[in-house]
Each structure stands twice: as C-alpha cells, then as structure tokens.
Amino acid sequence: MSSFCQPSLYTFTFMWNAIAVSKISRTFARMFERLQTKWKVNGTQLFLVLCVFALGGSATGYLGKIIMNWLSIDRGWLWTLVYIIIITLIWPMAVLLVSIPFGQFSFFTRYLKRMGARMRIVKENTEYRIKYPESSIQHLASGIRHIAIFASGTGSNAQKIIDHFRDHPSISVSLIVCNKPGAGVLAIADAEQIPVLIIEKDIFFRGNAYVDELRRGGIEFIVLAGFLWKIPQKLIDAYRNKIINIHPALLPNYGGKGMYGSRVHEAVINAGEKESGITIHYVDEHYDNGDIIFQAKVNITDNETPESLAEKIHSLEHKNYPKVIEQLILVPNGS
Ligand code: GRF
C-alpha cells in the first residue's frame, strides 16, 4: 500500500470506530432511559438496581454450583434440570438479600411480586393497582374528559389512541384496564405512566364490574381495543352508549363469540370475500352487536393471507379509531 493511502486509511478507521462507539453509547443511553421509565427510578437508583442484579446473579450461580457439588449428581439431563430448579429458587432470595445493603429492598420486593403475578405464582392486589396521579384528579375539576382503554393484547391501538390524545386540551387517556398480566398493553401503560387496573373475573362478572373504581377516576368513556371478555350488564348500564369497540371486519358479518384475531381474517378469506374492513360500534349486552358508528373498507387481493389482511386492517384501525373516539366525545350526537 502506498504511503499516500496510509493517513486516509487511519482517518477512515478512526472515524469508523468513533461512529460505532457513538452509536453503541446512544443505544445504551436509550436502553437506560427506557429502564428508568419502566421501573420509575432515577439514574442513581437504576445504577444500584443493576448492581443488585449483577451481584445477585453471580451469588446465585456460585451457590448453585456449591449445592450441585454437594448433591454430586452426574452431569446429564437430571443435573441440568436440578440446577435450573435450584437457581430459580435461589435467585429471588439472593437478589433480595443483596438488595438490602444497596437500599433497594422495597424495589425488589415490588419487582418480585410483579414477576410472580405475571407468572401467576402470586396474586396481585388489584385494589391498590389503580392509583390516579394528582394531575388527573385536578383535571376532574378542570373539565377534562377521561377515557379508559380496555385491552388485553399487544395494545397497538391503545398506543395510537394514547399518542393521539397526548397533548389534547380536553380529553385524556387516564386508565388502562386489562385482564391479562403480562399483556403488551401493560408495558405501554408503564412507559406512558398511565394508571393500570388489572381486573379479576370474579369482581368483573359477579361483583361491581369495577364501576365504582372507574367512577372514582372520573372515567366518562370506555374504549375497547382488543379486549376479549364480554362486558357485564352492570358496566353497560353504568356507561350506556359510552362504551365502544373496534372489530376487525365489516359487521354484522364475521362477528360474535370466538370471532377475534386471525380467526376473523381466515373466515373472511375462506369465504372468498373481495373486501373486508373495520367496524367501530357501541357495545351492548351481546358480542359485536351494538349500533354501528363507523366502517372503513380494504380490498382483498387474490393472494391475500390472514397475516397480510391483518396488517392492512391494523393500519386502517390505527388511522381511524383515535379520530372517531375524539369525534364521539366532542360531538356526541354527531351534530
Ligand atoms: C384489533 O384488531 C381490534 O380490531 C380487535 O383487537 C385487535 C387489537 O389489536 N378488537 P391491538 O392489541 O390493538 O394491536
């Protein structure tokens, strides 16, 4: 290589490394930011929490090895199985112990409880999940209209609705209601710092259907976005014509019990339909039955699959659902 090329090669390598380092550090910064929002901690606490994870993890591995040596099981599937069981049992205790000198005991008790609830090992106390922030209580007096989104899936519609109303002068998404610990929509609520109400079947269907909790938060309007439980009569009576749903097909066809997700799209394609679409409708005591508020259509191509149709339908939902909700709340009679 000529000496003429040498400096430019060095410059190129230097610049390449600099770009890579800045990209990696930006990725880490974003990751730390997201963790801070998710766990609701500041920078110092995040550092301490990560230290506890690291030390707790190492302690678990170390103790696990000691116990395995003591049990003296031959390496093989049984060894692996016993090892997995042992470290699964030791890990929560190790992080809890390590968290004490780091002053993070209460963070880790909450963290482990949440994990237990997601894995359905412990029951979460739903009564205390719903904590309306001061600001939303002040809004009650200032004429803000509060929406609750009921969702139990990924929550892509919930995200679009939250985005749409983020800086809205008179409408606020104030509560996410979910029946499924671990659902994607809960991570969205966490990141957006929106209160969550995890509901239980018994209270929903045989108790007060959470009407008191919703009223206490000033919830005026309920938006279902991928919520699969039927809405109980008590809630319908309390919020008559104030509960709406979105269905991924053109009702009255392809609706009713069991018609959700890809089942709807499969049925539409199998029936040889040339078009499908979305339906936004009021919720009554039957599945997908209330008065229709809005419909929009998409064409079905010859080689359409349930997945490609789902994608089209989703973007139609994202585009229209937030606007229709806004319209309904601001101009209830369409006048
Ligand atoms: C949407 O397709 C909606 O029509 C149906 O449930 C789905 C929810 O999707 N009711 P996502 O969780 O909002 O992505």
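This is a predicted model: local features need pLDDT of at least 70, side-chain atom pairs count only at pLDDT 80 or more; totals for chains, interfaces and linings use all residues.

User: Why is Asp288 called buried?

Analyst: Asp288 has 21 other C-beta atoms within 10 Å. A residue is buried if 20 or more lie within that distance, and Asp288 therefore counts as buried.

User: What is phi of Asp288?

Analyst: Phi of Asp288 is near 50 degrees, which is a positive value in a residue other than glycine.

User: Which loop holds Tyr254, and why does Tyr254 count as buried?

Analyst: Tyr254 lies in the loop between β5 and α11. Because 20 or more C-beta neighbours are required and Tyr254 has 21 inside 10 Å, Tyr254 counts as buried. Phi of Tyr254 is also positive, near 60 degrees, in a residue other than glycine.

User: How do you know that the peptide bond from Leu251 to Pro252 is cis?

Analyst: Omega of that bond is near 10 degrees, and the bond is cis. Pro252 is found in the loop between β5 and α11 (262-270).

User: What makes Leu96 partly exposed?

Analyst: Leu96 has 17 other C-beta atoms within 10 Å. Buried requires 20 or more and exposed 12 or fewer; the value for Leu96 lies in between, so Leu96 is partly exposed. Leu96 lies in helix α3 (residues 77-99).

User: Which residues is Leu96 in contact with, leaving aside its neighbours within four places in sequence?

Analyst: They are Phe105 and Phe108.

User: How is the packing of two helices described?

Analyst: The description uses the angle between the two axes and the distance between the axes. For helix α2 (residues 43-71) and α3, the angle is about 140 degrees and the axes are 8 Å apart.

User: What is the make-up by class of the contact of α2 with α3?

Analyst: The contact has 18 nonpolar, four polar and no charged residues. Among the residues that meet are Val52, Phe53, Leu63 and Ile67 in α2, and Trp79, Ile86, Trp91 and Val98 in α3.

User: How many residues surround the ligand, and which are the closest?

Analyst: The ligand is surrounded by 13 residues, of which the closest are Gly153, Ser156, Asn157, Gly226 and Pro248. Two or more residues of this shell come from each of α6 (156-165) and β5 (243-247). Helix α6 gives the most, with three residues. By class, the shell around the ligand holds five nonpolar, seven polar and one charged residue.

User: What percentage of the chain is buried, and how many helices and strands does the chain have?

Analyst: Of the 335 residues in the chain, 26% are buried. The secondary structure comes to twelve helices and seven strands. Among contacts between residues at least 6 apart in sequence, 67% join residues at least 24 apart.

Terms used. Residues are numbered from 1 along each chain as its sequence is written. A residue is near a molecule or strand if its C-beta atom, placed from the backbone, lies within 6 Å of it. Helices (H or I, at least four residues) and strands (E, at least two) are DSSP runs, numbered from the N terminus. Ala, Val, Leu, Ile, Met, Phe, Trp, Tyr, Cys and Pro count as nonpolar, Asp, Glu, Lys and Arg as charged, and the others, Gly among them, as polar. Two residues are in contact if their C-beta atoms, placed from the backbone, lie within 7 Å. Axes are lines fitted to C-alpha atoms, for helices over the stretch in contact, and angles run from 0 to 180 degrees between N-to-C directions.
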